[in-house]
Amino acid sequence: LNLVQSIWSVPLDADRARVTGELKKLTDGPTGAEPSISRDGRKLAYVVSPNTRPDSELRTPGQASTFQVRVKDLSTGKESSIPDAKHQQLHPQISRDGTLLSFTTGENQIQIFGIEPPRRLAETETEGQKIWDWSTDNTRLLLGRYPQPNTYVHDIASGRDSVFLPGDGLYQAKFSPDNRAVALAACDSQRAGVGCRLFVVPSKSYGTPEKGNWIAIDHPSRWD
């Protein structure tokens, strides 16, 4: 998404890959990025930059960029920001049941908040993280540490990270609804055009899944 654009939604039938309705504007801009929506479609988390002008410039002159996470109840239109926003708030992910919010900060932290009412539940010092997804039971997060390789699992209770999948070029990791698999894009930077493929990776209760067990769900030529 363009950082100076609003966030929109479109209804679809995911099983048949069909759009079933019209585009709907969800935020008023001028900035909106990194949307994450709850499973029931009621709660939307996203990032805004309050000092961004509604044109192609990301910053107003003389000001540093400040990104903040907001949560919008799409059934009522009510919008709230995260309290005690002292640092940049990035990469929000809302839990599937819409009760929890995770994001990273400019101070290398993972923050966990309850949504109603907004309250901090956990804070973990970490290295530059990109949060991809919550597990269905709200006990784990899937993370990337860029520019480092690997996909990690962050345990909410202990605050510890462990390697889930080793390797470079792994993006957009998402838990399956039953937590038994992870879907992700794997990109090969050594190929011309940075070819990417989609995989489903069976999850294990211990250790890391062998790459031979990754299930490709597309043909490489489709992502060249």
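The dialogue below goes from the chain as a whole to its strands, rings and backbone.

Tutor: Two conventions come before anything else. This is a predicted model, in which local features need pLDDT of at least 70 and side-chain atom pairs count only at pLDDT 80 or more, while totals for chains, interfaces and linings use all residues. Residues are numbered from 1 along each chain as its sequence is written, and side-chain values use heavy atoms, with hydrogens and water left out.

Student: How many helices and strands are there in the chain?

Tutor: Helices (H or I, at least four residues) and strands (E, at least two) are DSSP runs, numbered from the N terminus. In this chain there are 0 helices and 20 strands.

Student: What percentage of the residues is buried?

Tutor: A residue is buried under 20% relative accessible area, exposed over 50% and partly exposed in between, with a 1.4 Å probe and protein chains only. Of the 224 residues in the chain, 40% are buried. The accessible surface, from the Shrake-Rupley method with a 1.4 Å probe, comes to about 12,500 Å² for the chain, and 49% of this belongs to carbon and sulfur atoms.

Student: Which strands form an open sheet, and in what order?

Tutor: Strands of a sheet pair through backbone hydrogen bonds, either parallel or antiparallel. Here two strands pair if DSSP finds at least two bridges between them. An open sheet is formed by 4 strands in the order S13-S14-S15-S16, with antiparallel pairing. Strand S13 (129-134) and strand S16 (161-165) are the edge strands, each pairing on one side only. From one strand to the next the twist averages 35°, where axes are lines fitted to C-alpha atoms and angles run from 0 to 180 degrees between N-to-C directions. S13 is joined to strand S14 (residues 140-145) by 5 bridges, and Lys130 has Gly144 in S14 as its bridge partner.

Student: Which strands does S11 pair with?

Tutor: S10 and S11 run antiparallel and are joined by 5 bridges; Phe103 has Gln111 in S11 as its bridge partner. These two strands form a hairpin with 3 residues between them, and Asn108 in the turn has a positive phi of about 55°. S11 also pairs with S12 in the antiparallel sense, over 6 bridges, with Gln109 opposite Glu125 in S12. S11 and S12 likewise form a hairpin, with 4 residues between them.

Student: Which way do the side chains of S11 point?

Tutor: In a regular strand the side chains alternate between the two faces of the sheet. From S11, Gln109, Gln111 and Phe113 point one way, and Ile110, Ile112 and Gly114 point the other way. The strand is mostly covered, with 6 of its 6 residues buried.

Student: How many aromatic pairs are there?

Tutor: Rings of Phe, Tyr and Trp (its six-membered ring) pair if their centres lie within 6.5 Å; planes under 30 degrees apart count as stacked, over 60 as edge-to-face and the rest as tilted. By this rule there are 2 aromatic pairs. The rings of Phe103 and Phe113 are stacked, because their centres are 5.7 Å apart and their planes are at 25°. Phe103 in strand S10 (residues 100-105) and Phe113 in S11 are 10 residues apart. Phe103 has 2% relative accessibility and is buried; Phe113, also at 2%, is buried. Phe199 and Trp214 form an edge-to-face pair, with 5.5 Å centre to centre and 70° between the planes. Phe199 lies in strand S19 (residues 195-202) and Trp214 in the loop between S19 and strand S20 (215-216), so the pair ties together parts that are 15 residues apart in sequence. Both Phe199 and Trp214 are buried.

Student: Where does the charge of Arg145 lie?

Tutor: A charge sits over a ring if NZ of Lys or CZ of Arg is within 6 Å of the ring centre and within 35 degrees of the ring normal. Arg145 lies over the face of Tyr152, at 4.3 Å from the ring centre.

Student: Which peptide bond is cis?

Tutor: The bond from Glu116 to Pro117 is cis, with omega near -10°. Pro117 lies in the loop between strand S11 (109-114) and strand S12 (119-125).

Student: Is Ala17, with its positive phi, buried or exposed?

Tutor: Ala17 has phi near 55° and is exposed, with a relative accessible area of 73%. Its place is in the loop between strand S2 (12-13) and strand S3 (18-19).
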